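Dear colleague,

Please find below the structure that I am handing over to you.

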Amino acid sequence: MKKTLALIFALILCVSFSFTAFAADYTVGADGNAVYESAVGYVFDIEDVNGTINGEDATILTSADGLANCGSWAIWLVAEKVEGSSAYKAVTNGAAMGGTSPSVTLEEGQIIIVVHSSSSNPNDAATYPNWEDKVACMAIKVGDYLKFDGINLAAGTCENGTMTVITEDELADLPAEEESSEAPVESSEAPAESSEEAPAESSEAANEAVSDATPNEASTEDSDVKSSEMEIDSDDGLGVWLWVIIGVAVIAVVAVIAILAKKKK
């Protein structure tokens with residue numbers, strides 16, 4: 001009987017560990033907005049290179065001039081080429097423009113990543129499908145490594161482009177430097193800087209394209225303040241079903257073990 005109980009306990013532990021792998025990577029605050037602690041492992045969809053932010057999309061800029069086409073309510077960061085690798089490394093944290101287009105001077109081999117959504121709330125997914133990319137982009141930190149697929153920065157092309165945040169160990173597994181990931185040189189001036197006091201000029205069309213983001217963007221900082229009230233959430237209600245499935249599996253295993261134990265007696 002003791003062996004049977006020990007086996008049941010071990011099975012329950014295994015199931016619990018399995019469930020942890022399926023747990024959501026973000027938390028949801030009292031305001032309903034989601035927050036990622038880390039973006040490592042997240043895969044972003046990238047629409048184009050040197051494109052325009054029209055709402056619920058993302059682009060990679062090889063020139064700071066492109067910020068004029070990205071409005072003033074997106075999430076942005078600067079990354080630089082990793083020497084001898086096809087990857088890039090974040091040199092600024094992912095941050096919200098907050099209504100002011102950043103003033104940036106790029107160094108050689110640096111790029112700007114811009115991600116936009118009008119919401120950080122998972123319940124708004126039907127209306128604002130890029131909400132999770134926005135939230136994950138806010139979690140990118142200085143030193144995070146970025147891997148691009150389907151993107152040729154030198155040629156300015158993007159086909160089914162993605163950007164994945166990887167670890168340093170994964171960086172070592174990447175192939176040597178590839179032309180498809182190399183960004184053209186813009187300047188060799190001062191390091192990338194951002195300032196909310198000197199907004200870059202943006203086209204009227206770009207501002208209109210992202211104007212719907214204004215009401216929701218301010219809540220991004222609120223979600224950080226309320227982080228102590230956060231609760232673990234799961235993608236699209238998947239966590240509830242996982243518990244149901246796990247519960248049924250555990251009951252079935254216990255029943256089988258009980259039957260086998262009776263037969264042995």
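Threonine 164 is found in strand 11, which covers residues 157–166; strands (E, at least two residues) and helices (H or I, at least four) are DSSP runs, numbered from the N terminus. With a relative accessible area of 13%, threonine 164 is buried, where buried means under 20% relative accessible area, exposed over 50%, and partly exposed in between (1.4 Å probe, protein chains only). Leaving aside residues up to four places away in sequence, threonine 164 touches Gly41, Tyr42, Val43, Tyr145, Leu146 and Lys147, a contact being heavy atoms within 4.5 Å.

Please note that this is a predicted model, in which local features need pLDDT of at least 70 and side-chain atom pairs count only at pLDDT 80 or more, while totals for chains, interfaces and linings use all residues. Residues are numbered from 1 along each chain as its sequence is written, and side-chain values use heavy atoms, with hydrogens and water left out.

Lysine 147, one of the residues touched by threonine 164, forms a salt bridge with aspartate 149, and their closest N and O atoms are 2.6 Å apart. The term denotes a side-chain nitrogen of Lys or Arg within 4 Å of a carboxyl oxygen of Asp or Glu. The structure holds one salt bridge. Both partners count as partly exposed, lysine 147 at 22% relative accessibility and aspartate 149 at 33%.

As to the chain overall, its secondary structure comes to seven helices and 12 strands. Of its 265 residues, 41% count as buried. Among contacts between residues at least 6 apart in sequence, 73% join residues at least 24 apart.

Helix 2 (residues 131–138) is mostly covered, with seven of its eight residues buried. Those residues are Trp131, Glu132, Asp133, Lys134, Val135, Ala136 and Cys137. The C-alpha atom of alanine 136 is separated by 7.5 Å from that of serine 38, although the two residues are 98 apart along the chain. Serine 38 lies in the loop between strand 2 (34–36) and strand 3 (43–46), and at 38% relative accessibility serine 38 counts as partly exposed.

Finally, glutamate 168 lies in helix 3 (residues 168–173) and is exposed, with a relative accessible area of 55%.

Yours sincerely
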